[in-house]
Amino acid sequence: MANNSQGTVITWGGVTLGEVVNVNVGELAVDLVDVTPKAQASRQKKFEVAASDAGSVSLRMRATAAASATCTGTQGVLAITGPGVSWTFTAIYERLGWAASVGEFQEYNVTFKVTA
C-alpha cells in the first residue's frame, strides 16, 4: 500500500500513486471577449467566455506506482482527495521526470494536463 502525504491521496486510472511530496494545481483560466454593444446606454462593459484552459496538475512523488514512460500521452481519471480537498479530473499524462541519488529515495515528477 502506498503512503500518503498528510492525508492526501492521489489516484491515476484507479491506481494509488506513491508517497506524495508535493501537489501543484496550475491556474485554471478563461479567455474573455468584450461583447459590449457600441450603442449601450448604461456604459457597462459585457464579457463572454471565449475559451477556457483547465490548467495542469504537477506532482512530485517517491516510490510510486504508475510512473512509467508508457503512461505518457494516455488519458484517464486523476483524483486528488485529502483534508478539505476532493477533485476529480479527466487528464492526459503529459510529462514524467525521474531523479535518484545514492542513499536517497527515487523521486518522480509527473505533469497531467487537465482536459475537462
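Which residues make the nonpolar surface patch of about 400 Å²? I looked it up: Val30, Leu32, Phe47 and Val49 make the patch.

Before going on, I note what I am working with. This is a predicted model, where local features need pLDDT of at least 70, side-chain atom pairs count only at pLDDT 80 or more, and totals for chains, interfaces and linings use all residues. Residues are numbered from 1 along each chain as its sequence is written, and side-chain values use heavy atoms, with hydrogens and water left out.

**Entry: the patch.** I wrote down the patch rule: residues with over 30% relative accessible area and no salt bridge, with nonpolar side chains (Val, Leu, Ile, Met, Phe, Trp, Tyr) joined within 5 Å and like charges within 9 Å. Areas are Shrake-Rupley with a 1.4 Å probe, and for residues only the protein chains shown count as cover. Strand E4 (29-34) and strand E5 (47-53) each give at least two residues to the patch; strands here are DSSP runs of E, at least two residues, numbered from the N terminus. I checked Leu32, which sits in strand E4. Leu32 counts as exposed because its relative accessibility is 55%, the cut-offs being buried under 20%, exposed over 50% and partly exposed in between (1.4 Å probe, protein chains only).

**Entry: salt bridges.** How many salt bridges does the structure hold? I get six, taking a salt bridge as a side-chain nitrogen of Lys or Arg within 4 Å of a carboxyl oxygen of Asp or Glu.

I started with Arg62 and Glu19, whose side chains meet at 3.3 Å, N to O. This pair links distant parts of the chain, with Arg62 in strand E6 (residues 56-62) and Glu19 in strand E3 (residues 19-25), 43 residues apart. Arg62 is partly exposed at 22%, and Glu19 is partly exposed at 25%.

Arg62 also has a salt bridge with Glu107, at 3.5 Å, N to O. Here too distant parts of the chain are linked: Glu107 is in strand E9 and Arg62 in strand E6, 45 residues apart. Glu107 has 21% relative accessibility, so I log Glu107 as partly exposed.

Which residues are linked in a network of salt bridges? I list Glu19, Arg60, Arg62 and Glu107.

**Entry: Asp53 and Lys113.** In this salt bridge the closest N and O atoms are 2.6 Å apart. Asp53 lies in strand E5 and Lys113 in strand E9 (residues 107-114), 60 residues apart. I have Asp53 as partly exposed at 39% and Lys113 as partly exposed at 28%.

Terms used: Helix = DSSP H or I, 4+ residues; strand = E, 2+ residues; numbered from the N terminus.
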